Amino acid sequence: TEGKLHPYLRVANIYDGYVDSSDVKQMTFTEEEFHRYHLRNGDILLNEGQSLDLVGRCAKYMGVPPNCCFQNTLIRFRPNGLIQDDFCQILFAHLQKNSTFAKIASQTTSIAHLGVSRFANLQIPVPTIAEQKKIAKVFTAWDDVIDKSRKLITAKKNRKKALMQQLLSGNRRLCGDDGQKKITDRYPTDWQIVKLKDLFVQVKRKNRANSKRVLTASGRYGLIAQDDYFNRPVAGQALHNYYLLKNGEYAYNRSSMNGYKYG
């Protein structure tokens, strides 16, 4: 209840390689607490408590938000002159992804704890500062390419979404016989408005004595077949009284409504 308000980072702000500052909370810190918990540029923050596969996920603090502290659900690693911060982030990300952090973590209920002492006693390979910088430069270049590719994919997805809205509503038409693109009002006059039930033949769930039973789909194998094929009991030994799907048709698992297409 004493001190000044300062923002602080928690597990929810630390992602794989970056700090998400869109939802940063604040609390009061005394001068002594702020001196102990405030962050400097280049500090590496790792998730101390998290699920086993995410424990140790890390990001480098780059001054945003300013005058920021950290919660004790995070481990702050402040590199000295023997190791470079960019190299640290890459190395820690590698140790998290290859489950090294998970192996040394202790787990209570569903939360794994990395632990400052276990983290501090972990042995790691450390090249020279010059080689650390070269390694970091290589991975930074790869991260830039991945980031640009991700932005390009997002832009293409947005473009596809816009095209779906325009083409499926009839607001934009494909080239006509005259080769000209057409911009029209919603639902052009040459489009038909129909009910979905007019576009398919419904198969009743209840089997009748005179009708063939519907072939169902299972989550693992799909079609019902003879037991010598799956080497396990199945619904029937023969398929002559079942409805067989044609190439490209769909079957649905009634219990989960998962669809399976067969070809």
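1. A residue is called buried here when its relative accessible area is under 20%, exposed when that area is over 50%, and partly exposed in between. The model under review is a predicted one. By this cut-off Arg-10 is buried, because its relative accessibility is 14%.

2. The structure contains 7 salt bridges. One of them joins Lys-60 to Asp-86, with 2.3 Å between the closest N and O atoms. This pair connects distant parts of the chain, since Lys-60 sits in strand β5 (residues 58-60) and Asp-86 in helix α2, 26 residues apart. Lys-60 is buried, with a relative accessible area of 13%, while Asp-86, at 26%, counts as partly exposed.

3. A further salt bridge is formed by Arg-150 and Asp-147, whose closest N and O atoms are 3.8 Å apart. Both residues lie in helix α5, separated by 3 residues, which is about one turn of the helix. Arg-150 is partly exposed at 49% relative accessibility, and Asp-147 is likewise partly exposed at 31%. Elsewhere, salt bridges with shared partners bring Lys-60, Asp-85 and Asp-86 into one network.

4. Which residues of the largest nonpolar core touch the most other members? Of its 16 residues, they are Ile-44, Leu-46, Val-55, Phe-92, Phe-101, Leu-114 and Phe-119. At least two residues of this core come from β3 (44-47), and at least two from α2 (85-97). The largest share, 5 residues, is supplied by α2. In soluble globular proteins, nonpolar side chains tend to be buried together.

5. Leaving out residues up to four places away in sequence, Ile-44 touches Cys-58, Ala-59, Lys-60, Ile-75, Arg-76, Phe-77, Asp-85, Cys-88, Gln-89 and Phe-92. Apart from the core discussed above there is another, of 11 residues, which includes Leu-9, Val-11, Val-19 and Cys-68.

6. Gln-96 is a residue of helix α2. Is Gln-96 buried or exposed? With a relative accessible area of 10%, Gln-96 is buried. A polar atom of its side chain lies 2.8 Å from the backbone oxygen of Asp-53. Neighbours within four places in sequence aside, Gln-96 is in contact with Asp-53, Leu-54, Val-55, Gly-56, Arg-57 and Phe-101. Among these partners, Val-55 and Phe-101 are also members of the largest nonpolar core.

7. Ala-136 is placed in helix α5 (residues 129-169). Its relative accessible area is 4%, so Ala-136 is buried. The C-alpha atoms of Ala-136 and Ile-90 are separated by 7.1 Å, although the two residues are 46 residues apart along the chain. Not counting residues up to four places away in sequence, Ala-136 touches Gln-84, Asp-86, Phe-87 and Ile-90. One of these, Asp-86, is also the salt-bridge partner of Lys-60.

Conventions. Residues numbered from 1 in each chain as written. Predicted model: local features only at pLDDT ≥ 70, side-chain atom pairs only at ≥ 80, totals over all residues. Heavy atoms only, no water. Core = buried A, V, L, I, M, F, W, Y, C linked by side-chain atoms within 4.5 Å. Buried < 20%, exposed > 50% of the residue type's maximum accessible area, 1.4 Å probe, protein only. Helix = DSSP H or I, 4+ residues; strand = E, 2+ residues; numbered from the N terminus. Contact = heavy atoms within 4.5 Å. Polar contact = N/O pair within 3.5 Å; in protein donor to acceptor, adjacent residues only side chain to side chain. Salt bridge = Lys/Arg side-chain N within 4 Å of Asp/Glu carboxyl O.
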